[in-house]
Amino acid sequence: MGLKIIKFIFFGNYFIGLLAVALTIESTLQLKVPFNSLNYYVLLFLAPIVYYTYAYMGATNSQQTQNPRTAWYAAHRGFVRLSQLVLSMVCGGLIFYMIVSNFEAILNLPLAYWMVVGMIVAMAVLYYGLVPMFFFNLNLRNTGWLKPFIIGFVWAATANLLPLILLKIEAGTDVARTTLWYFLFVKNWMFCTVNAIMFDMKDYAIDSNNQLKTFVVRIGLKKTIFFVLIPLLITGIVSLLVFANIEHFPGSRIIFNLIPFVLTALVAYSMNSRKKIFYYLIVIDGLIMVKAICGIIAMQFI
């Protein structure tokens, strides 16, 4: 029973929805801005579930795959299809309600906000190559080493940009883009990029066979760990310490913000050996949840 619940939460992408909400709450507290509406948080939880589940909608036969996640989708395809339909309708209803309720504010949204929204939507669409090939043939999932940076950017934009745009729409609140805002955006971008690079290690054999030049396929496992992941994490730690010193962060706030980087470095070092899929879904994705929780706790020490 316990394993079934774990599979439901992690294979079904419900944990991804929780990550989106947790990162947004963290950034909201760090920027000291008002929270968004409950409708937005419900949409923020459901939309990633629908989006990430889309990749597995083609799974139909659990006997023809060695991938336990694909096999789970094939074994529960009836429920998955119904869930996708219901959750998509709820998301559509929420979006419709939010547009109707804030129609004038949306029309008056500054051009810069529209550009950010357009860029995020474009990346989401191009990630699955949803644009017809005769019009524009690009699938960001097949961009190799660039893919984790795109994924990291979308997560950072979700946590640090979209809530501010919604705040402008729903409450007319303008949030100044301060040095802290830029630092938090880049920190989330790099942290989520490192996370995505580690996640790519799961698909090393498949990506190699498909000639998809991810970091691990291009330079190998050990070089990815020691020449890419660890340097990025050290850069993140040093940047955090410098910024904390300039902004006079209390020691307890610095320590809690350092915990996710240290844990990620330990997990990265452990990637020398092959891991089961739950290691990636629980431990590696869980690092993002740890970051959000530590960031939220750290804000109690200001």
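At 52% relative accessibility, Asp174 counts as exposed (exposed means over 50% relative accessible area, buried under 20% and partly exposed in between, with a 1.4 Å probe and protein chains only). Asp174 pairs with Lys168 in a salt bridge, and the structure holds three salt bridges and zero disulfides. This is a predicted model, in which local features need pLDDT of at least 70 and side-chain atom pairs count only at pLDDT 80 or more, while totals for chains, interfaces and linings use all residues. Residues are numbered from 1 along each chain as its sequence is written, and side-chain values use heavy atoms, with hydrogens and water left out.

**Salt bridges**

- A salt bridge here is a side-chain nitrogen of Lys or Arg within 4 Å of a carboxyl oxygen of Asp or Glu.
- Between Lys168 and Asp174, the closest N and O atoms are 3.0 Å apart.
- Lys291 forms a salt bridge with Glu26, with 3.0 Å between the closest N and O atoms. This pair links distant parts of the chain, 265 residues apart: Lys291 lies in helix α15 (residues 277-298) and Glu26 in helix α2. Helices are DSSP runs of H or I with at least four residues, numbered from the N terminus.
- Both partners are buried: Lys291 has a relative accessible area of 3%, and Glu26 has 0%.
- Lys147 forms a salt bridge with Asp200, the closest N and O atoms being 3.1 Å apart. Here too the pair links distant parts of the chain, with Lys147 in helix α8 (residues 147-160) and Asp200 in helix α10 (residues 179-200), 53 residues apart.
- Lys147 counts as buried at 10% relative accessibility, as does Asp200 at 7%.

**Cysteines**

- No disulfide is present, a disulfide being a pair of cysteine sulfur atoms within 2.5 Å.
- Cys294 is in no disulfide, and the nearest cysteine sulfur, that of Cys192, is 14 Å away.
- Cys294 is buried at 8% relative accessibility, and Cys91 is buried with a relative accessible area of 9%.

**Helix α5**

- Helix α5 spans residues 77-101, which makes 25 residues. From first C-alpha to last, α5 reaches 35 Å, close to the 36 Å expected at 1.5 Å a residue; the expected span is 1.5 Å times one less than the number of residues.
- The buried residues of α5 are Val80, Ser83, Gln84, Leu87, Cys91, Leu94 and Met98.
- The cover over these buried residues includes α2 (14-31), α3 (38-53), α4 (68-75), α6 (103-107) and α9 (162-171).

How values were computed
Helix = DSSP H or I, 4+ residues; strand = E, 2+ residues; numbered from the N terminus. Contact = heavy atoms within 4.5 Å.
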